Amino acid sequence: MEQTTVTVMLTCFNRINFTIPCVKSLVEGNKNISFRFIITDDNSTDGTKEALEKLPYSITILSGDGQLFWNGGMSKALETALQAAEKTEYYMLVNDDVAFQAEAIEELVKRHKNGPKEDAVIVGATADSKGKTSYGGVKLLSKHFAKFGLVEPSEEYQECDTFNGNCVLLPKQVFLKAGNVDGTYKHSMSDYDYGMHIRKLGFKIYNSARHVGKCNDNDVSGSWRDTSLSRKERLKKKESPKGLPKKDWYYFIRKNYGFFSALYHSVTPYLRILLKR
């Protein structure tokens, strides 16, 4: 029986204890899928690249300068995948901190093939250590403001407006039409933007039937949203690449919601910091 072919695209930096188990869990847990990996290693110093090279899988390793962050690394991986035009049925966005359940991707493929639309995207929801949904399909809760809600996994095919990029299965025709992620972003917001771009192209996005793996949500502690930090510390963290940098945030809102919403959302993070909220 011919195996389903999936090209996985991910980026990594100094997380060998996550990256290697993630890659292994995909291959070893989904025997009916033939995986090919395109991985951007952003100049890791913990042996990640060397460990990837030793794995007996089909892996193309791209190199970064240590400053690519999520969007830069993923852009490099997606660009390579688009240029290669691989003979593959699916492409998949993955975050390397997901510990995948056995047969999770086989179930996503089956869900796609049995679904209402053959050119739809299927998003794999993840759960935190307590079993609560941490990432997955996302609904827009407002047409004018950036308010989002996670879509819980269920047997029912529920439409999503966008997604977190932790586990996203894209049929080949969708990926080739959607193209690369927007290179304007440094780190965050890129996955939401990409999902919204796919929806604007007319493709459907559906949730998964169950959690595909474990992945803890980013901790508020130590971030710009941590109210225990000083205003100066919070402002510095907000403007860092992994925070909510003003140029990226304004661009995302302006692009997807319009000028007036962008003005409103540009001010509110600073008000939160000022009011210690």
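Which residues are linked with Arg 15 in a network of salt bridges? I found Asp 96 and Asp 97 linked with Arg 15 in that network.

**Ground rules.** I am working from a predicted model, where local features need pLDDT of at least 70, side-chain atom pairs count only at pLDDT 80 or more, and totals for chains, interfaces and linings use all residues. I number residues from 1 along each chain as its sequence is written, and side-chain values use heavy atoms, with hydrogens and water left out.

Entry 1: I took a salt bridge to be a side-chain nitrogen of Lys or Arg within 4 Å of a carboxyl oxygen of Asp or Glu. By that rule I get nine salt bridges. In the one between Asp 96 and Arg 15, the closest N and O atoms are 2.4 Å apart. That pair links distant parts of the chain, 81 residues apart: Asp 96 is in the loop between strands S4 (90–94) and S5 (99–100), and Arg 15 is in the loop between strand S1 (4–12) and helix H1 (16–29). My helices (H or I, at least four residues) and strands (E, at least two) are DSSP runs, numbered from the N terminus.

Asp 97 also forms a salt bridge with Arg 15, with 3.9 Å between the closest N and O atoms. Asp 97 lies in the loop between S4 and S5 and Arg 15 in the loop between S1 and H1, so this pair ties together parts 82 residues apart in sequence.

Next I checked burial, where buried means under 20% relative accessible area, exposed over 50%, and partly exposed in between (1.4 Å probe, protein chains only). Asp 96 is buried at 1%, Asp 97 counts as buried at 17%, and Arg 15 is partly exposed at 31%.

**Entry 2: another salt bridge.** Glu 159 and Lys 204 meet through their side chains at 3.4 Å, N to O. Glu 159 lies in the loop between strands S9 (148–150) and S10 (162–163), and Lys 204 in the loop between helix H6 (190–200) and strand S12 (205–214), so the pair ties together parts 45 residues apart in sequence. Buried or exposed, or in between, for Glu 159? Glu 159 counts as partly exposed at 34%, and Lys 204 counts as partly exposed at 23%.

**Entry 3: rings.** I let rings of Phe, Tyr and Trp (its six-membered ring) pair if their centres lie within 6.5 Å; planes under 30 degrees apart count as stacked, over 60 as edge-to-face and the rest as tilted. My search of the whole structure finds 11 aromatic pairs. Phe 163 and Tyr 194 form an edge-to-face pair, 6.5 Å centre to centre with 75 degrees between the planes. Phe 163 lies in strand S10 and Tyr 194 in helix H6, so the pair ties together parts 31 residues apart in sequence. Both Phe 163 and Tyr 194 are buried. I also noted one aromatic cluster, formed by Tyr 185, Trp 249, Tyr 251 and Phe 252.

**Entry 4: charges over rings.** I count a charge as over a ring if NZ of Lys or CZ of Arg is within 6 Å of the ring centre and within 35 degrees of the ring normal. Back to Arg 15: its charged end sits over the ring of Phe 18, 5.6 Å from the ring centre. The charged end of Arg 111 sits over the ring of Tyr 157, 4.0 Å from its centre.
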